[in-house]
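Hi everyone, thanks for coming. Let me put the structure up, and then I'll walk you through a few parts of it.

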Amino acid sequence: MKEDLFADLIPDEPLKSGRSRDRHSINLHMQPLAERLRPKTLDEVVGQEHLLGPGKPLRVAFEEGRPHSMILWGPPGVGKTTLARLMAKAFNLPFIAISAVLSGVKEIREAVDKAQHHMDQTGEPTLVFVDEVHRFSKSQQDAFLPHVESGLFVFIGATTENPSFEVNSALLSRSATYVLESLKKADFEKLLPRAIAAEAPGLIFLDEAKEILFNLADGDARRFLNAVELACHLATDKGIHKVGAELLRQSLPATLRRFDKGGENFYDLISALHKSVRGSDPDAALYWMTRMIVGGCDPLYICRRVIRMATEDIGLADPRALEIALNAAQAYERLGSPEGELAIANAVVYCAIAPKSNSIEVAYNAVKSFVKKDATRPVPLYLRNAPTKLMSELGYSHGYRYAHDEPDAFAAGEIYLPEGLENMKWYYPRPRGLEIKIAEKLERLKALNRQAWAKGEGRIRTKKEK
């Protein structure tokens with residue numbers, strides 16, 4: 001029997017928390033609480049009832065013994081790795097874990113060799129789990145494809161990103177996609193007693209302390225258990241039997257909302273901000289803007305989004321919105337944080353309460369679609385410049401009416417579209433804000449055109465005019 005070289009270094013007395021100081025427990029407690037509480041069975045998993053409840057897809061797959069390739073899409077700390085490990089255990093398959101952050105082609109080849117060896121020996125596949133699969137390049141993802149198709153791998157990819165954008169379509173089509181959700185308060189309430197029993201039996205968390213922990217976790221089980229573990233250690237060291245809000249506020253990191261600068265949640269928050277401005281809700285717009293800034297988003301990125309809102313959703317209904325959005329970006333560049341953030345807030349609120357119109361966006365998209373499908377129509381000669389004698393002799397610019405020389409600077413009856421498109425109309429002002437006056441002016445100009453054509457004046461190509 002191998003000599004235990006460390007036996008004399010482990011004292012016999014128990015720890016303050018009541019844990020035995022034998023070698024096994026010391027090795028165990030060197031692991032983070034989140035790892036020690038990783039579920040060993042499907043019934044120990046908290047949350048994801050929409051996938052693991054009776055009759056739900058993953059529960060049925062486990063019960064019927066049908067391993068299949070899948071993409072697990074969800075925020076951090078919701079059980080993606082755990083589910084992959086449980087599936088390997090349930091189906092008695094070898095488990096190979098690859099981190100897309102730390103691995104490359106070499107690790108993929110090694111996984112293939114191991115899986116092939118196992119297949120040759122047993123005729124069974126190997127479960128290959130790729131964490132953060134979205135960080136692999138498209139070519140690296142392609143390396144898995146033939147082995148998924150041949151049945152050598154049961155492929156499970158975990159990602160916090162939208163797989164529609166980040167996972168190869170071929171690999172995606174051969175895998176079922178399951179969306180995992182952030183844990184809810186009820187899930188943490190189930191998890192907390194397990195954490196206390198494992199870390200500091202008998203310790204009591206008061207309701208206000210629980211609320212702080214639930215909020216701090218922000219749907220992430222790992223984050224929650226790390227906070228509970230720290231709180232247990234602090235309480236044990238201080239000889240405290242009840243953990244209240246004051247202890248947590250003094251010891252735990254400030255609450256930071258989850259904000260992945262390049263991930264799905266990032267785009268969810270941007271979408272919420274944009275839709276709140278479009279929906280004319282200044283309070284909601286301020287909330288989402290603040291969530292983004294507190295979460296670490298570059299304020300200048302928000303400025304660019306607000307400029308887009310001013311042009312896309314407000315436009316000519318209130319041209320001042322674009323001016324204020326541009327000024328906010330300039331103010332932030334000069335002031336920085338936190339003062340410059342107020343300028344952004346001004347722009348966000350102004351855009352939220354401004355009259356809305358997407359008429360320019362609709363018109364632009366309609367014209368672009370038309371131009372792409374239409375033939376290339378020549379510019380009418382009278383609209384062309386004639387900088388040379390030859391061009392003038394060819395009729396360039398002949399008959400052009402200089403608007404500033406016309407009454408009210410408007411050449412009544414003139415036509416500026418190519419031949420055959422005289423009656424086309426794409427821009428329809430909305431009855432809001434400045435566009436009300438724009439619509440009134442356009443109607444007056446149309447009336448002047450009709451009067452000119454009725455007198456036989458102006459440029460008439462067709463019988464009808466819209």
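Let's start with Ile-98, whose bridge partner in S3 is Val-130. That pair belongs to two strands, S2 and strand S3 (residues 126-131), which run parallel and are joined by 5 bridges. Before going on, a word on the source: this is a predicted model, where local features need pLDDT of at least 70 and side-chain atom pairs count only at pLDDT 80 or more, while totals for chains, interfaces and linings use all residues. Residues are numbered from 1 along each chain as its sequence is written, and side-chain values use heavy atoms, with hydrogens and water left out.

Strands here are DSSP runs of E with at least two residues, helices are runs of H or I with at least four, and both are numbered from the N terminus. Two strands pair if DSSP finds at least two bridges between them.

Now, which way do the side chains of S2 point? Buried means under 20% relative accessible area, with a 1.4 Å probe and protein chains only.

Stepping back, the open sheet has 5 strands in the order S2-S3-S4-S1-S5, with parallel pairing. At the edges sit strand S2 (95-99) and strand S5 (176-179), each pairing on one side only.

Next, helix H5 (residues 80-90) packs on this sheet, touching strand S1 (70-73), S2, S3 and strand S4 (153-159). Contact here means heavy atoms within 4.5 Å. The direction of H5 makes about 175 degrees with that of S3; such angles run from 0 to 180 degrees between N-to-C directions, using axes fitted to C-alpha atoms, for helices over the stretch in contact.

Why is H5 described as largely enclosed by the rest of the structure? Because 8 of the 11 residues of H5 are buried, among them Lys-80, Leu-83 and Met-87. Their cover includes helix H3 (49-52) and helix H4 (57-64), along with S1, S2, S3 and S4. Just after H5, Asn-92 takes a positive phi of about 55 degrees.

Finally, a pair of helices. The axes of helix H17 (residues 299-314) and helix H19 (residues 339-353) come within 10 Å and cross at roughly 20 degrees. H17 and H19 are therefore roughly parallel, a label for angles under 35 degrees. On the H17 side, the contact includes Ile-302 and Val-306, and on the H19 side, Ile-344 and Val-348.

Thanks, and I'm happy to take questions!

Methods. Parallel < 35°, antiparallel > 145°, perpendicular 65-115°, else oblique. Buried < 20%, exposed > 50% of the residue type's maximum accessible area, 1.4 Å probe, protein only.
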